[in-house]
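Please look over the sequence and the model shown here before reading on.

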Amino acid sequence: MDARELARWTRFAAKGGIGKCTAVVDCIAQEMGEDLMFLKASTCVCLLMWSDRTEVESRTLRHE
């Protein structure tokens, strides 16, 4: 991702993205920089919709 694209996503996130969700479990990244990481009760800003939500994803985040 180049600096221009990162700035665009950052502005979108600052405006609230497409919505928020709350983590219901800890999700620790396995490889630095490649995996999404959040801790239980963290509020996450959603930037895009998962088109193929897996069972694991549906058990880790609760949409607000």
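## Report on the predicted model

Met37 sits in the loop that joins β1 and β2. This is a predicted model, and the loop holding Met37 comes up several times below.

**Overall layout.** The protein has two helices and three strands. Read from the N terminus, these elements follow the order α-β-β-α-β. The protein has 64 residues, and 12% of them count as buried. Its accessible surface is about 5300 Å², with 56% of that area belonging to carbon and sulfur atoms. Among contacts with a separation of 6 or more, 49% are between residues 24 or more positions apart.

**The core.** Which residues make up the largest nonpolar core? The five residues are Cys21, Ala23, Phe38, Cys44 and Cys46. Two elements, β1 (19–23) and β2 (43–46), each give two or more residues to this core. Ala23 is part of strand β1 and is buried, at 3% relative accessibility. Cys21 is buried as well, with a relative accessible area of 1%.

**The cysteines.** How many disulfides does the structure hold? The count is zero. Cys27 is in no disulfide either, and its nearest cysteine sulfur, in Cys44, is 9.2 Å away. Cys27 counts as partly exposed, with 24% relative accessibility.

| Pair | Separation in sequence | C-alpha distance |
|---|---|---|
| Ala23 and Phe38 | 15 residues | 7.0 Å |
| Val24 and Ala41 | 17 residues | 6.0 Å |
| Gly16 and Cys46 | 30 residues | 7.8 Å |

Ala23 and Phe38 both belong to the core described above. Gly16 is found in the loop between α1 (3–14) and β1. Leaving aside neighbours within four places in sequence, Gly16 is in contact with Val45 and Cys46. Val24 lies in the loop between β1 and β2 and counts as partly exposed, at 27% relative accessibility.

Most residues other than glycine have a negative phi. Ala41 is not a glycine, yet its phi is positive, at about 75°. Where is Ala41 placed? Ala41 is in the loop between β1 and β2. Is Ala41 buried or exposed? Ala41 is exposed: its relative accessible area is 58%, and the cut-off for this label is over 50%.

**The surface.** A nonpolar patch on the surface is formed by Ile28, Met37 and Leu39. Together these three residues have about 290 Å² of accessible area.

Technical notes
Residues are numbered from 1 along each chain as its sequence is written. This is a predicted model: local features need pLDDT of at least 70, side-chain atom pairs count only at pLDDT 80 or more; totals for chains, interfaces and linings use all residues. Side-chain values use heavy atoms; hydrogens and water are left out. A nonpolar core is a set of buried Ala, Val, Leu, Ile, Met, Phe, Trp, Tyr and Cys residues joined through side-chain atoms within 4.5 Å. Buried means under 20% relative accessible area, exposed over 50%, partly exposed in between (1.4 Å probe, protein chains only). Helices (H or I, at least four residues) and strands (E, at least two) are DSSP runs, numbered from the N terminus. Contact means heavy atoms within 4.5 Å. Accessible areas come from the Shrake-Rupley method with a 1.4 Å probe; for residues, only the protein chains shown count as cover. A disulfide is a pair of cysteine sulfur atoms within 2.5 Å. Patches are made of residues with over 30% relative accessible area and no salt bridge: like charges are joined within 9 Å, nonpolar side chains (Val, Leu, Ile, Met, Phe, Trp, Tyr) within 5 Å. A salt bridge is a side-chain nitrogen of Lys or Arg within 4 Å of a carboxyl oxygen of Asp or Glu.
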